[in-house]
Amino acid sequence: MMTENWWAPYLFIAIAGWLATDFWRWLGVLAGNRLKEDSEALYWVRAVATALVMAVTAKLIVFPTGSLESSPMWLRIGAAVLGFIAFLVAGQRVIVGVAVPIVLLAAGLFVLGF
């Protein structure tokens, strides 16, 4: 039997999701507008953000899930290293740093028969 306030859980999820994310994002935007681009605080924020992205990337390479779990470690690490080198050689173009390891990993998996 459907109750009259079937929408209550959805409203709670929407409000709780907004409070948990968007409120803090807007607060960060307001606080960030007051920072100078060469301030120590902004350098620290960039360093922490970069470290978090690299930690997640390293976790995905060393401890993959799904279909990559059966791929050899040397292939995953090699694709990442060669992708980073291509990124540097291409003048730090992000698209190169993303596309090269994907192509290398896919080619390696194809050659190995995965």
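Axes here are lines fitted to C-alpha atoms, for helices over the stretch in contact, and angles run from 0 to 180 degrees between N-to-C directions. Keep that in mind for the two helix pairs I will show.

A word on the source. This is a predicted model, where local features need pLDDT of at least 70 and side-chain atom pairs count only at pLDDT 80 or more, while totals for chains, interfaces and linings use all residues. Residues are numbered from 1 along each chain as its sequence is written, and side-chain values use heavy atoms, with hydrogens and water left out.

Start with the whole chain. It has five helices and zero strands. Both kinds of element are DSSP runs, numbered from the N terminus: helices are H or I with at least four residues, strands are E with at least two. From the N terminus the order reads α-α-α-α-α.

Now the overall dimensions. The C-alpha trace spans about 60 × 55 × 20 Å along its principal axes.

How much of the chain is buried? Of its 114 residues, 14% count as buried. Buried means under 20% relative accessible area, exposed means over 50%, and partly exposed is in between, with a 1.4 Å probe and protein chains only.

Next, contacts, meaning heavy atoms within 4.5 Å. Among those with a separation of 6 or more, 36% join residues 24 or more positions apart.

On to the first pair. Helix α1 covers residues 8-20 and helix α2 covers residues 22-32. Their axes come within 3 Å and cross at roughly 25 degrees. So α1 is roughly parallel to α2. The angle classes are these: under 35 degrees is roughly parallel, over 145 roughly antiparallel, 65 to 115 roughly perpendicular, and the rest oblique. G17, W18, L19 and A20 in α1 meet D22, F23 and W24 in α2. That contact has five nonpolar residues, one polar and one charged. For the classes, Ala, Val, Leu, Ile, Met, Phe, Trp, Tyr, Cys and Pro are nonpolar, Asp, Glu, Lys and Arg are charged, and the others, Gly among them, are polar.

Second pair. Helix α4, residues 73-89, and helix α5, residues 94-112, have axes that come within 8 Å and cross at roughly 150 degrees. That makes α4 roughly antiparallel to α5. Which residues of α4 meet α5? They include W74, L75, L82 and F87. On the α5 side, V96, P101, L104 and L112 are among the partners. By class, the contact holds 15 nonpolar, three polar and one charged residues.

Between these two helices there is a loop, and Q92 lies in it. Phi of Q92 is near 60 degrees, a positive value in a residue other than glycine. Is Q92 buried or exposed? Exposed, with a relative accessible area of 53%.

L30 lies in helix α2. At 55% relative accessibility, L30 counts as exposed. L30 and L42 are twelve residues apart along the chain, and their C-alpha atoms are separated by 14 Å. L52 lies in helix α3, residues 40-62. L52 is exposed too, at 54% relative accessible area. From L52 to A16 the C-alpha distance is 25 Å, across 36 residues in sequence.
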